[in-house]
Amino acid sequence: MQHSKMLSPTPTRWDCQKEADMGSVPITKVRAQLRRVIDDDSYTPHCVPIGPYHQSRSSQWIDKRKQCSAGFLQSLSEEHTVGGLTGVMEKLEPLARECYTSGDGFGNMTPEQSASMLLHDACYLLLFFVGYVSGNGAPPAPADDDERLVNRNTLVRDTVFLLENQIPFFLLQAIHERVTGGTTSVLDYMAMPIQELLQMQLFISRKPRQTPPTCSHLLHLVQAYLRPTLLPAESTALSSDAVTGRWRRAVEYRRYANVQLMRRVYQDDVESSVLDVQLERGRLWIPRLRITSNTWTILRNLMALEEQAHRRPVTAYCLFMSQLACTAEDVQLLRRAGIVDHFLGNDEQVSKDFAGLCNRVVMEVDDLERNYLKPMWHQLEKRCDSRAQRFMGWFRHGHNWEITAAFLVALIVIACQLTQTFYAITGGGR
């Protein structure tokens with residue numbers, strides 16, 4: 001992932017006060033029930049704490065890097081604004097406090113301490129994604145050997161995908177305006193690297209997306225791009241009070257619903273996401289999910305973020321996949337179909353990770369507004385209840401080869417007897 005260069009995006013005016021007031025998605029801590037099921041590692045930064053919740057995990061080298069980032073942007077802002085960044089964070093610090101709503105938030109930090117912390121964090125984050133260049137040259141390169149040992153994937157994990165490790169966009173925007181001396185939106189600059197990151201990890205297709213009109217923080221931006229584009233049509237025969245249950249396993253849908261599991265391939269000129277699951281004429285189309293060491297962290301934090309929202313597409317998708325691929329046999333089937341692509345030890349481990357993905361996650365699966373896959377669950381259940389589909393699924397995928405062979409032999413014998421009888425009757429008639 002490369003820095004977004006300082007070109008010329010469409011000028012827009014961003015009112016920091018208005019954006020702070022909109023604050024549709026606060027930065028909260030993950031529920032304690034989720035932490036008890038899954039270790040804190042899924043929600044805790046490894047190297048780069050952002051915001052007040054994990055400042056105790058900071059280290060000397062990251063503090064030094066944040067100070068260097070703030071110093072560079074201070075000098076760059078002085079080229080466009082009198083005083084540079086002086087006073088910008090002190091003015092917005094009360095608004096920022098309101099965004100961190102969990103627990104004691106900033107703890108015992110004074111307003112001056114929290115303003116300094118937010119300034120350093122915001123400057124580090126801006127330089128991580130935006131390629132600012134001053135008349136005196138580019139930002140200073142890392143001078144600490146410890147930083148060179150940190151994997152960039154770890155830095156991206158910490159700064160982008162952790163719910164508790166976010167910073168409000170309106171703080172980034174305020175610094176950006178002073179650094180550039182203009183009114184362009186910092187969201188325009190940060191959206192492209194996030195798109196490229198999601199494309200590289202196969203979460204979305206390569207078709208460029210429009211920048212969302214507003215987002216609260218980076219994980220919120222990820223959620224905005226990770227939307228289903230192929231919403232299953234609600235069946236006209238589906239009653240409003242129809243009860244939705246658990247998803248069946250992949251091997252069960254293949255055997256009892258006569259469903260063929262197929263990998264949906266992204267088209268470069270079509271907006272698609274990994275959430276675009278669709279049942280079409282006995283084929284269940286599912287985009288490839290590439291599983292890496294960070295996949296579960298990304299999905300868990302997105303589900304935690306969606307607990308604050310009405311629509312919960314990522315949660316619905318995770319419930320579907322966690323129940324579809326909950327055994328090694330299911331993962332093997334999905335892997336051979338090209339739907340699951342993993343680099344972990346074995347299928348058994350992946351199935352255990354899938355099975356535990358949604359532990360203690362609660363969602364109203366009967367609410368179509370929250371569960372976009374509800375119609376597809378009922379369509380699949382209807383196929384499972386069909387005797388014809390169950391017979392065809394058993395015949396094609398039952399793996400009981402002796403019975404299948406005997407059945408075929410019996411059909412051949414019956415056909416031969418019918419043919420013999422037919423010729424006997426017609427010959428006798430002549």
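Tutor: A residue is called buried when its relative accessible area is under 20%, exposed when it is over 50%, and partly exposed in between (1.4 Å probe, protein chains only). This is a predicted model, in which local features need pLDDT of at least 70 and side-chain atom pairs count only at pLDDT 80 or more, while totals for chains, interfaces and linings use all residues. Residues are numbered from 1 along each chain as its sequence is written, and side-chain values use heavy atoms, with hydrogens and water left out.

Student: What makes helix 7 (residues 152-160) mostly covered?

Tutor: Seven of the nine residues of helix 7 are buried: Thr154, Leu155, Val156, Arg157, Asp158, Thr159 and Val160. Helices (H or I, at least four residues) and strands (E, at least two) are DSSP runs, numbered from the N terminus.

Student: Which helices cover the buried residues of helix 7?

Tutor: The cover includes helix 3 (60-77), helix 5, helix 9 (186-200), helix 10 (218-225) and helix 12. Contact here means heavy atoms within 4.5 Å.

Student: Why are helix 4 and helix 5 called roughly perpendicular?

Tutor: Helix 4 (residues 88-99) and helix 5 (residues 111-129) pack at an angle of about 95°, with their axes 9 Å apart. Angles under 35 degrees count as roughly parallel, over 145 as roughly antiparallel, 65 to 115 as roughly perpendicular and the rest as oblique. The two helices are therefore roughly perpendicular to each other. The axes are lines fitted to C-alpha atoms, for helices over the stretch in contact, and angles run from 0 to 180 degrees between N-to-C directions.

Student: Which residues of helix 4 and helix 5 meet?

Tutor: Met89, Glu90, Glu93, Ala96 and Arg97 of helix 4 meet Pro111, Ser114, Ala115, Leu118 and Leu119 of helix 5. The residues of this contact divide into six nonpolar, one polar and three charged. Ala, Val, Leu, Ile, Met, Phe, Trp, Tyr, Cys and Pro count as nonpolar, Asp, Glu, Lys and Arg as charged, and the others, Gly among them, as polar.

Student: How many aromatic pairs are found in the whole structure?

Tutor: The search finds six aromatic pairs. Rings of Phe, Tyr and Trp (its six-membered ring) pair if their centres lie within 6.5 Å; planes under 30 degrees apart count as stacked, over 60 as edge-to-face and the rest as tilted. For Phe128 and Phe129 the ring centres are 5.0 Å apart and the planes stand at 80°, so this pair is edge-to-face. Phe128 counts as buried at 7% relative accessibility, and Phe129 is buried at 0%.

Student: Why is the pair of Trp296 and Phe354 called edge-to-face?

Tutor: The ring centres of Trp296 and Phe354 are 5.0 Å apart and their planes lie at 80°, so this pair is edge-to-face. The pair links distant parts of the chain, with Trp296 in helix 12 (residues 295-306) and Phe354 in helix 15 (residues 347-356), 58 residues apart. Both Trp296 and Phe354 are buried.

Student: How do you know that Ile291 is buried?

Tutor: The relative accessible area of Ile291 is 0%, so Ile291 is buried. Ile291 lies in strand 6 (residues 289-291). Leaving aside neighbours within four places in sequence, Ile291 is in contact with residues including Trp296, Val340 and Phe354. Ile291 and Val340 are 49 residues apart in sequence and 7.3 Å apart in space, C-alpha to C-alpha.

Student: What makes Ser205 count as buried?

Tutor: Ser205 has 0% relative accessibility and therefore counts as buried. Ser205 is placed in the loop between helix 9 and helix 10. Beyond neighbours within four places in sequence, the contacts of Ser205 are Gln199, Tyr266, Gln267, Val270, Glu271 and Ser272.
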